[in-house]
Amino acid sequence: MPRKYFFFDIDGTLTDDETHKIVPSAERTLHALEANGHFVSIATGRAHYKAQGFADSIGIRNMVCNGGECLVLDGKVIENRPLDHETAMFLVHHAEKAGLGYLLMTDDSDRVLMKDTRFLEQAGRRTELTTYVLDPDLVPEKIPQIFKVYIAMTKEQEPDNPWIQKQGHLRMGPGYLNFQHDAKKDGILRMLKAVDGNESDVVVFGDAVNDLVMFDPRWTSIAMGNGMQELKDKADYVTAANIDDGIEKACRRFGWI
């Protein structure tokens with residue numbers, strides 16, 4: 001059997017959105033793929049520190065994370081790139097001009113920096129565990145690495161702030177946007193180079209808007225039955241919903257397990 005290179009999104013693909021735990025048949029399938037000699041990796045927008053715990057819990061040692069800019073091979077981080085500094089400053093300066101609060105993630109942890117409390121006043125606390133560090137003397141321009149920028153902004157405010165299109169972003173809650181890398185495909189290509197794999201042997205699984213970028217005609221793209229229609233339209237194959245054993249069913253259909 002030719003070796004395939006599998007890349008799986010986490011939320012809504014490997015995990016049940018209600019329990020936030022991996023679907024049992026999906027975990028079983030990942031290890032069956034590895035047993036058959038295939039390369040198995042996670043592909044997620046999550047920061048490394050968040051994705052690593054999940055990977056460890058299911059025994060997977062390869063990851064494309066941080067939106068494609070962090071690669072973990074056989075349990076070791078081989079690269080983790082921050083945002084382009086000029087782009088990060090562009091976002092910060094526009095947020096300040098618009099009177100919007102912001103947070104800066106400056107390392108691979110749940111710690112974020114803020115120069116005032118506007119983000120918390122405008123958007124409330126983030127939807128995930130966060131350590132907030134208030135520094136009134138914060139000078140963003142002097143921070144060498146910025147991995148993510150969070151900006152307080154409602155959906156209704158977006159049309160009045162077109163500058164947000166400068167960087168890929170996700171809405172993680174009603175009150176704020178998360179500006180992060182949106183380069184899963186590029187991360188997959190770099191990982192493929194690191195393991196000397198062929199593009200035509202890649203298989204990706206996804207369900208949401210941030211998976212669109214990794215659905216590429218050079219390889220096989222599989223959308224979950226619970227996924228968004230735009231992704232299904234771009235997919236080579238649409239499997240059952242994740243909680244209906246969609247990953248396992250697709251891998252059996254194609255003879256990978």
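Trainee: Why does lysine 76 count as exposed?

Mentor: Set its value against the cut-offs: buried means under 20% relative accessible area, exposed means over 50%, and partly exposed is in between, with a 1.4 Å probe and protein chains only. Lysine 76 has a relative accessibility of 60%, so it counts as exposed. Before we go on, this is a predicted model, where local features need pLDDT of at least 70 and side-chain atom pairs count only at pLDDT 80 or more, while totals for chains, interfaces and linings use all residues. Residues are numbered from 1 along each chain as its sequence is written, and side-chain values use heavy atoms, with hydrogens and water left out.

Trainee: Where is lysine 76 found?

Mentor: Lysine 76 is in strand β5, residues 76-80. Helices (H or I, at least four residues) and strands (E, at least two) are DSSP runs, numbered from the N terminus. Between lysine 76 and threonine 44 there are 16 Å in space, C-alpha to C-alpha, and 32 residues in sequence.

Trainee: What makes glutamate 158 buried?

Mentor: Its relative accessible area is 19%, and therefore glutamate 158 is buried. This glutamate sits in the loop between β9 and β10. Contact means heavy atoms within 4.5 Å. With neighbours within four places in sequence left aside, glutamate 158 is in contact with Met153, Ile164, Arg171 and Leu177.

Trainee: And glutamine 180, why does it count as buried?

Mentor: Its relative accessibility is 6%, so glutamine 180 counts as buried. You will find glutamine 180 in the loop between β11 and α5 (184-194). Not counting residues up to four places away in sequence, glutamine 180 touches Gly45, Leu83, Lys148, Gln167, Gly168 and Leu170.

Trainee: How do you know that the span of helix α3 agrees with its number of residues?

Mentor: The expected span is 1.5 Å times one less than the number of residues. Helix α3 (residues 85-97) has 13 residues and should span 18 Å; its end C-alpha atoms are 18 Å apart, so the two agree. Thr87, Ala88, Met89, Leu91, Val92 and Ala95 are the buried residues of α3, and they pack against β6 (102-105), β9 (148-152) and β11 (176-179). After α3 comes glycine 99, with a positive phi near 75°.

Trainee: What makes a set of residues a nonpolar core?

Mentor: The residues must be buried Ala, Val, Leu, Ile, Met, Phe, Trp, Tyr and Cys, joined through side-chain atoms within 4.5 Å. Here the largest such core has 28 residues, and those with the most contacts inside it are Phe6, Phe8, Leu14, Ile42, Phe205 and Ile247. Elements that each supply at least two residues include β1 (5-8), β12 (202-206) and α7 (246-253). The most comes from α2, with four residues. A second, separate core has 20 residues, among them Ala88, Met89, Ala95 and Ile146.

Trainee: Which elements do the buried residues of α7 pack against?

Mentor: They pack against β1, α1, β12, β13 (220-223) and β14 (237-238). The buried residues themselves are Gly246, Ile247, Glu248, Ala250 and Cys251.

Trainee: What makes a set of grid points a cavity or a pocket?

Mentor: On a 1 Å grid over the protein atoms alone, a cavity is a set of points where a 1.4 Å probe fits but cannot get out; a pocket is an open set with protein on both sides within 12 Å along at least five of seven lines, and lining residues have an atom within 4 Å of a point. Points are joined across faces, edges and corners, and a volume is the space filled by probe spheres set on them. The largest cavity has a volume of about 30 Å³, and its lining includes Asn66 and Phe147. The largest pocket has about 550 Å³. Its lining has 25 residues, of which Asp11, Arg46, Leu170, Met172 and Asn210 lie nearest its centre, and β10 gives the most to this lining, with three residues.
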